[in-house]
Amino acid sequence: MALASIWTVEFRLLSVHPCSPSSTTRTTRIHRFRITNGIPREVLTRTQQLKQHCITSVSQFHHQLVTSIPMPQFLVNRNIGSNLPIWVCVAVVVLVASLRRVFSRKKERPGSVADLVRRGQLRSDRRGISRDLKYEDPFDNPLVKVSKSKSSVEMCGKVYRLAPVTLTQEEQTVHQRRRSRAYQWKRPTVFLKEGDSVPPDVDPDTIRWIPANHPFVTTSTDIGEDFAHKNVNQKHGVPFRIQAEHEALQKKLEALQNEEELNKVVINPTNAKELERPFNSHAKSNDHAEKSSLNNQMKDPPFSKLENGPNHFESEPSSGEDQKS
Amino acid sequence: MLSLHHHLPGTTNANLQILPTTHLRHSTSIHPKPYLPPLTPKALLQWNRKPQLAGETPRVVVVTSGKGGVGKTTTTANIGLSLARLGFSVVAIDADVGLRNLDLLLGLENRVNYTVVEVLNGECRLDQALVRDKRWSNFELLCISKPRSKLPIGFGGKALTWLVEALKARGDVTGGNRNGSTGSRSPDFILIDCPAGIDAGFITAITPANEAVLITTPDITALRDADRVTGLLECDGIRDIKMIVNRVRTDMIKGEDMMSVLDVQEMLGLPLLGAIPEDSEVIRSTNRGYPLVLNKPPTLAGLAFEQAAWRLVEQDSMQAVMVEEEPKRGFFSFFGG
């Protein structure tokens, strides 16, 4: 099919030359002018006839070719007025498709606010772009319509037949009795690991045996029940474990500081500088201050806290006093 | 799928009227858990209305099934967000100790830093372990443990009860307006996503619950497990049990290749909270971390979840179910189109 269409196009292109009268007359005139210089008239007229014959045969062939191929009506009929609605429709379709593509690109733009809201990174209600939920009845809205006879419901464009629920309270009671007979169960209250001994005064039915290698449950815990209850009810402040760890570290640090050996050691401030935390806000000022303080160390023994930094052991007593106060 | 009595309360559908499940509570006196006085739902048809919250808050609902893969976590996520959209404060607890997935379904997996285990150990406070959804700020997620950590089961059930009490007392102490946010009030609903099976995780998850939503699919394996779990829940004192039949295919029901919702109800004898049709959009929403009920336009399953959430709020149950798809009555219906 593709080849055939190509062939027809080529034929049409070829057929343009004989159809255009101006171009053919020009070429024939040029030929006449040239030929008449040295050839007799009879020969000229014969060749002229032959040419004319060729042209007419080619034009006839082209005409037959064109008429043999069925063409669409709107292409054959060149009357613009009658085809105008078709072209308008085509143009509208193309325009709508292009506009839709442009708008859909705008909507799907990654990283936009709408995209962030959609992904849950931003709260929509704070930006004023959310649509408040209208508390429409979910049982009667444009997507859910019940027929007047209440025998069918239309949901999302599909119509379903409705059947009434016939379960009665007596039937429910019968089922409950059946289950109460079938399933005798007591909630386990004691959880024991395999190998543990059963404590006295415990109903064996309320014991749940947990395997030692249970994937997500353990019977042993490092925290007591009272502590756990207290932790759940804590509403403000530092959590218990964090506070305990902090206090333990604090004690350890104080113990280290109170050791006599450490108190005797006087660390060179240049080495202490390496141990200091890099405080970004005061890094430059500290460096500058330390240099000046080193220069003035012999002259001006009392240092300010900020200049010495937190790891300066020589200023230990003053910092300790501040923590206590 | 629909509560027909919503539309015209005065109609003569006597066979459609059924007592709410809340009446069952008074029929039994042997159960240890205290029951709340039922409120009559006033579900009159009107536009722009909110469902009337029945029962005492916080309503502690465990979503369980027994069998795995029937849609417990999907139901928890969708009903939880539906409730949040309706304006109720919701805390969803992922009590699936070994295989938690609720954070994935909600798209909050990157925001879970602390869990209940860290709260119990004193490594963080409870409010630090609650992950607030940014889409609906009155929805919070609480995971019970990290995948590789172990829950101390010795007081696992008690721990969940403490959590519920702490959440309930949250509104009293912080007042809700302390930080200018309304999300720190006592929750209206606490949804507990229960793990599959009847192991230690199940026992832990059902401990603080007052009511249960049983998820099942219309196949015999899920039904057997659902019946067993219902029996255990009833033995434990939870009497308010409603079921959701998930992954319903009306075309298979029509061809009698699948049990209908009414068949399932006949076998289990439980009131229906919802019937969720099979929907391929569920998988897409799961993969996106964007629950189905947030889809615009809503899908068939999303609408069914919203209806189920509505019934949960009003302690209502289904009065009629969708059975099969009716043939279209169009111009070409004569030709079978």
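Before you click, note that the model is predicted, so local features need pLDDT of at least 70 and side-chain atom pairs pLDDT 80 or more, while totals for chains, interfaces and linings use all residues. Residues count from 1 along each chain as its sequence is written, chains are lettered from A and ligands numbered from 1 in the order written, and side-chain values use heavy atoms, without hydrogens and water.

**Stop 1: a pair within chain A**

Over all chains, the whole structure holds 19 salt bridges (a side-chain nitrogen of Lys or Arg within 4 Å of a carboxyl oxygen of Asp or Glu). Select A:Asp203 and A:Lys186, whose closest N and O atoms are 3.0 Å apart. A:Asp203 sits in the loop between β4 (190-193) and β5 (207-210), and A:Lys186 in the loop between α9 and β4, so this pair ties together parts of chain A that are 17 residues apart in sequence. Helices (H or I, at least four residues) and strands (E, at least two) are DSSP runs, numbered from the N terminus. A:Asp203 is partly exposed at 31% relative accessibility, and A:Lys186 is partly exposed at 46%. Here buried means under 20% relative accessible area, exposed over 50%, and partly exposed in between (1.4 Å probe, protein chains only).

**Stop 2: across the two chains**

Now pick A:Arg187 and B:Asp236, which form a salt bridge at 2.3 Å, N to O. B:Asp236 lies in the loop between α8 (220-235) and β8 (240-248) of chain B, and A:Arg187 in the loop between α9 and β4 of chain A, so the pair joins two chains. Both B:Asp236 and A:Arg187 are buried.

Next, select A:Arg178, A:Arg179, B:Asp227 and B:Glu234 together: salt bridges link these residues in a network.

**Stop 3: a pair in chain B**

Move to B:Asp127 and B:Arg125, a salt bridge with an N to O distance of 3.1 Å. B:Asp127 is partly exposed at 40%, whereas B:Arg125 is buried at 15%.

**Stop 4: a negative patch**

Finish on the surface with A:Glu170, A:Glu171, B:Asp263 and B:Glu266, which gather in a patch of negative charge. Patch residues have over 30% relative accessible area and no salt bridge, with like charges joined within 9 Å and nonpolar side chains (Val, Leu, Ile, Met, Phe, Trp, Tyr) within 5 Å. Helices α9 (169-182) of chain A and α10 (261-268) of chain B each give two or more residues to the patch. A:Glu170, in helix α9 of chain A, is exposed, with a relative accessible area of 56%.

How values were computed:
Areas by Shrake-Rupley, 256 points an atom, 1.4 Å probe, with all protein chains shown as cover. Lys, Arg positive; Asp, Glu negative; His and termini not counted. Charge placed at Lys NZ, Arg CZ, Asp CG, Glu CD.
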